[in-house]
Amino acid sequence: ALSAGTSGVRPYVLYVGSINSRKNLLTLVKAIGLIPAENRPLLLVVGNGREYRRVVEEYIHGHRLEQWVTIATDIHNNRLLQALYRQAAVFAYPSFYEGFGLPVVEAALQRTPVITTTVSSLPEAAGPDACLVDPHDDHCPEHIAYHIDRLLSDTALRQSMGEKLERYAREAFDPDRLTRQMMAMYERLVATDI
């Protein structure tokens, strides 16, 4: 297993999503680089992109972070992806904007601690127990690095956060509950049109 605390294997931070400027992956890469090498986790990026990916790769190369950052573009198996979420020490999603933020919920359902941003739908997707950072703050990489370092050094905190995140995700995004909410909304709309 590649989780934090496993002897001999470095823990990893997971990012899942497209590699474009809106997703703000470069900030996460900068955060990884700020963590001292002896404590630095691996960063596994599952996604693909074009121009912005080249910008991220140039930064990785220019700051000699190749041994800590892996970009996997060919993971399409849902079971493998679930295992990657479950075994990650931390899931980080520093996006500037999301319509919903499904990867955050997927991480929470696997009891993986989440670091995401204070913008758009992400606080709701993550729930009250996630670590939230302002992606527009000039010190965002430092804040992300702080949260990663804190979570990696505290197994009890990681486990507690993971349990709370899973509980929140299961309750907030329960399919039956969401269906009832949608039906109530439709009924209100129909009642006001008559």
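Reader: What should I know about the model and its numbering?
Author: It is a predicted model, in which local features need pLDDT of at least 70 and side-chain atom pairs count only at pLDDT 80 or more, while totals for chains, interfaces and linings use all residues. Residues are numbered from 1 along each chain as its sequence is written, and side-chain values use heavy atoms, with hydrogens and water left out.

Reader: How do I read a sheet, and in what order do the strands lie here?
Author: Strands of a sheet pair through backbone hydrogen bonds, either parallel or antiparallel. Here six strands make an open sheet with parallel pairing, in the order 3-2-1-4-5-6; two strands pair if DSSP finds at least two bridges between them. Strand 3 (69–72) and strand 6 are the edge strands, each pairing on one side only. On average, neighbouring strands of this sheet are turned by 20° against each other, direction ignored; axes are lines fitted to C-alpha atoms, for helices over the stretch in contact, and angles run from 0 to 180 degrees between N-to-C directions.

Reader: Where do the side chains of strand 4 point?
Author: In a regular strand the side chains alternate between the two faces of the sheet. In strand 4, Val 90 and Ala 92 point one way and Phe 91 and Tyr 93 the other way, and all are buried. Strand 5 is likewise covered on both faces, with Val 114 and Thr 116 buried on one side and Ile 115 and Thr 117 on the other.

Reader: Which strands does helix 6 lie across?
Author: Helix 6 lies across strand 1, strand 4, strand 5 and strand 6, and runs at about 170° to strand 6.

Reader: At what angle do helix 6 and helix 7 cross?
Author: Their axes come within 6 Å and cross at roughly 105°. Helix 6 and helix 7 are therefore roughly perpendicular to each other; angles under 35 degrees count as roughly parallel, over 145 as roughly antiparallel, 65 to 115 as roughly perpendicular and the rest as oblique. Arg 150, Leu 151 and Leu 152 of helix 6 make the contact with Leu 157, Arg 158 and Met 161 of helix 7, contact meaning heavy atoms within 4.5 Å.

Reader: How do helix 1 and helix 2 pack?
Author: Helix 1 (residues 25–34) and helix 2 (residues 51–62) pack at an angle of about 10°, with their axes 10 Å apart. That makes helix 1 roughly parallel to helix 2.

Reader: Which residues have the most contacts inside the largest nonpolar core?
Author: In soluble globular proteins, nonpolar side chains tend to be buried together. A nonpolar core is a set of buried Ala, Val, Leu, Ile, Met, Phe, Trp, Tyr and Cys residues joined through side-chain atoms within 4.5 Å. The largest one here has 59 residues, and those with the most contacts inside it are Leu 14, Leu 25, Leu 28, Phe 91 and Ile 148. Not counting residues up to four places away in sequence, Leu 25 touches Tyr 15, Ile 19, Val 45, Tyr 52 and Val 56.

Reader: Is Pro 135 buried or exposed?
Author: Pro 135 counts as buried because its relative accessibility is 6%.

Conventions:
Buried means under 20% relative accessible area, exposed over 50%, partly exposed in between (1.4 Å probe, protein chains only). Helices (H or I, at least four residues) and strands (E, at least two) are DSSP runs, numbered from the N terminus.
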